[in-house]
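Student: I have a structure to study and some questions about it. Can we go through them one by one?

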Amino acid sequence: MAISPGSDATFSSQRSDISEGARTKKCLPTEEEIFYMNCRAAYLTVFKSSLENIISKDQLYLALQHAGRNPSRKTINKYWTPQTAKLNFDDFCIILKKEKPTSKAELLKSFKQLDVNDDGSILHSDLYKFLTKRGEKMTREEVNAMINLAGVNADGRFDYIKFCKLYMTTSEQCLKTTLEKLEVDGKLRRQQFGSHTRGSSEKDRSLPLPKPSPRIIRKTDQETFSDKGDTRNHSLGTTRKFKTSVSFTIIMGANSNRNSKLTEPNSIKDWQCAQSRGCFFLEEDGDIISHHYRMQIAQRSVVYLTIKPLKLSQVEGKPSPWLSVDTALYILKENESQADLQLICFTELRNREVFGWTGELGPGVYCLIPSTTGCWLRKEIKPTTEEAQLVCRDETGELCLTKEFRSTLSDIFDIIDLDGNGLLSLEEYNFFELRTSGEKCDEDAWAVCKENFDTKKNELTRQGFLDLNLMEANDREGDPRDLWVTLHSMGYSKALELTEACPFVIDVYADKCRPRIKAVHMEACSGQLEKIICKSVLNKGDTKVMDGYENIVIHTDKRDTWITSVIENKTDNKVIIHVNNELSRNCINNRGLNIFAVEVAPKSTMVSQHVMPLNERQEWIYYSVYSLIS
């Protein structure tokens, strides 16, 4: 799992604070130090070292439990996606930052809403109904485990007051046990190795040292940073030297894309067209996922293909940050094996916010993968704003949606209406359901939906979609928490601003046949796409070999709109490359920091960074130094 640039920036600051605190032994531990100590204690209860990785959902669940959390299946699936191979200690710390432990007051409040008799207990049948059908749904097995607990169930009723007390006591005891184990292990190490083992002080060893992401190490100083994936354990502030360095300098003029402007074919009005919408979503871990498409061309044709951000009917005066997000589309030819996709082209030409490509394609099925560099769509730390009101009461006392929320829901409808026909099919609605709840709506549930809400041609209308959300608000008696889960999943902030998503629209024109395009699934923009980008950069980019290390190569590909850097490691060992962009001017990169380091696995390539101009109306200078760490 990649760590978001915003989160990494926060961790750099936190590491700096921890290191400073270590110098003053008389100071009490800071809140951050206590947090990381608890993280490390929980992690080391499951693993022998904080350098070990979490390699399964079960391990993640167990580690979170030892940290005083009780994660649901949905929470686990949020952080362990089908693309996740492993998580490390740094990832674990970020998850704990986001998943706050539940307080006793919050637990009691949640259960009290289900207590119809206000007597401190809930019928088992009602507990099944509420916990398996609403909100963050639990499985029947999970509910069974609750009602089978001794001491909190009697006569078919669940005593939630006793349960909350038991839950909090168990969580506190679990955390206490992990901290005691950490202290005992620390004493044993001091007895065996003395007080200055591995060059760190006793105070340093007692502090939690978050291990950076498998991909990225952040640091504010060019020559000092924490250990990454090494077999040794270095304290913060350990000075490391560079074996060798290589630099790139590229000067890009203002409006550098003027020489590759996208133009429509003259006869495009006579061509046949297909269109589909989609969206980039920024995940909690910084990954970007989007719809992927299958395109069918019936006969050899000249094809004009474009992608651009989708304009929405935003409330006047509200910012539209997604309109400045760069978009691209990679066209690949499907072969017999899905894993064997051949890159045909990508939308390199540009006209303002539109990126496109024109060329001839033979008959066949093509895979379309949308992409964004992440320079303009990434996590940012912003001050907490007041939460917008979603529901209110009208003059008769009936619950209704606020005007601002209705407008936001209307925009969401436009985003998930993939074919743009003003209606939601079951297939379109299920993309929305998978995104917001992780589950699909089956045929029976869809039939009930059509019976109760406005439909047309067996598809849900905009009004029906609004009424569906109003029903959800009524089901919760005005409690907006489930509605906020939907909004955050769709990329909206507390102020109802679309800050962590970028809806887009794809247009395909063909001169000889009617093209067909269909969204087939949603997945991360990394993985297969990164391999394709690496291959493209290796074929076309400028190449520089590390002096004295001919098997470590830096490739830099300059496009008119962005620059991509790829690191190729041909050796049998992993390497760590330190990247310094401090002398670049008017640049923004997808990492979010000017200085970072990346670990490259043996016999592999990886995208080091994408760079774009901060202000494309001015000249921008890319100056980057790549150094091999000793």
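Student: Which ring does the charged end of K333 sit over?

Tutor: First, this is a predicted model, where local features need pLDDT of at least 70, side-chain atom pairs count only at pLDDT 80 or more, and totals for chains, interfaces and linings use all residues. Residues are numbered from 1 along each chain as its sequence is written, and side-chain values use heavy atoms, with hydrogens and water left out. A charge sits over a ring if NZ of Lys or CZ of Arg is within 6 Å of the ring centre and within 35 degrees of the ring normal. The charged end of K333 lies 5.5 Å from the ring centre, and the ring belongs to Y366.

Student: How far is K544 from the ring centre of F248?

Tutor: K544 lies over the face of F248. The distance to the ring centre is 4.8 Å.

Student: How many strands are there in the protein chain?

Tutor: Helices (H or I, at least four residues) and strands (E, at least two) are DSSP runs, numbered from the N terminus. The protein chain has 16 helices. Its strands number 27.

Student: What share of the residues is buried?

Tutor: Buried means under 20% relative accessible area, exposed over 50%, and partly exposed in between (1.4 Å probe, protein chains only). The protein chain has 630 residues. The buried share is 51%.

Student: Which residue forms a salt bridge with E283?

Tutor: Side chains of opposite charge can pair when their charged atoms come close. A salt bridge is a side-chain nitrogen of Lys or Arg within 4 Å of a carboxyl oxygen of Asp or Glu. For E283 the closest N and O atoms are 2.7 Å apart, and the partner is R435.

Student: Why does the pair of E283 and R435 tie together separate parts of the sequence?

Tutor: E283 lies in the loop between β6 (272-282) and β7 (288-297). R435 lies in helix α12 (residues 426-436), so the parts tied together are apart in sequence by 152 residues.

Student: Is E360, the salt-bridge partner of R300, buried or exposed?

Tutor: The closest N and O atoms of R300 and E360 are 3.4 Å apart. R300 is partly exposed, at 47% relative accessible area. E360 has 51% relative accessibility, so E360 counts as exposed.

Student: Where does E348 lie, the residue that meets R559 in a salt bridge?

Tutor: The two side chains meet at 2.9 Å, N to O. R559 is in the loop between β21 (549-558) and β22 (563-569), 211 residues apart from E348. E348 is in the loop between β10 (341-346) and β11 (349-351).

Student: What is the angle between the planes of Y43 and F92?

Tutor: A pair of aromatic rings is described by the distance of the centres and the angle of the planes. Rings of Phe, Tyr and Trp (its six-membered ring) pair if their centres lie within 6.5 Å; planes under 30 degrees apart count as stacked, over 60 as edge-to-face and the rest as tilted. Y43 and F92 are 5.3 Å centre to centre and form a tilted pair, with planes at 55 degrees.

Student: Why is the pair of F111 and Y160 called stacked?

Tutor: F111 is in helix α6 (residues 104-112) and Y160 in helix α9 (residues 160-193). Their ring centres are 5.8 Å apart. The pair is stacked because the planes are at 20 degrees.
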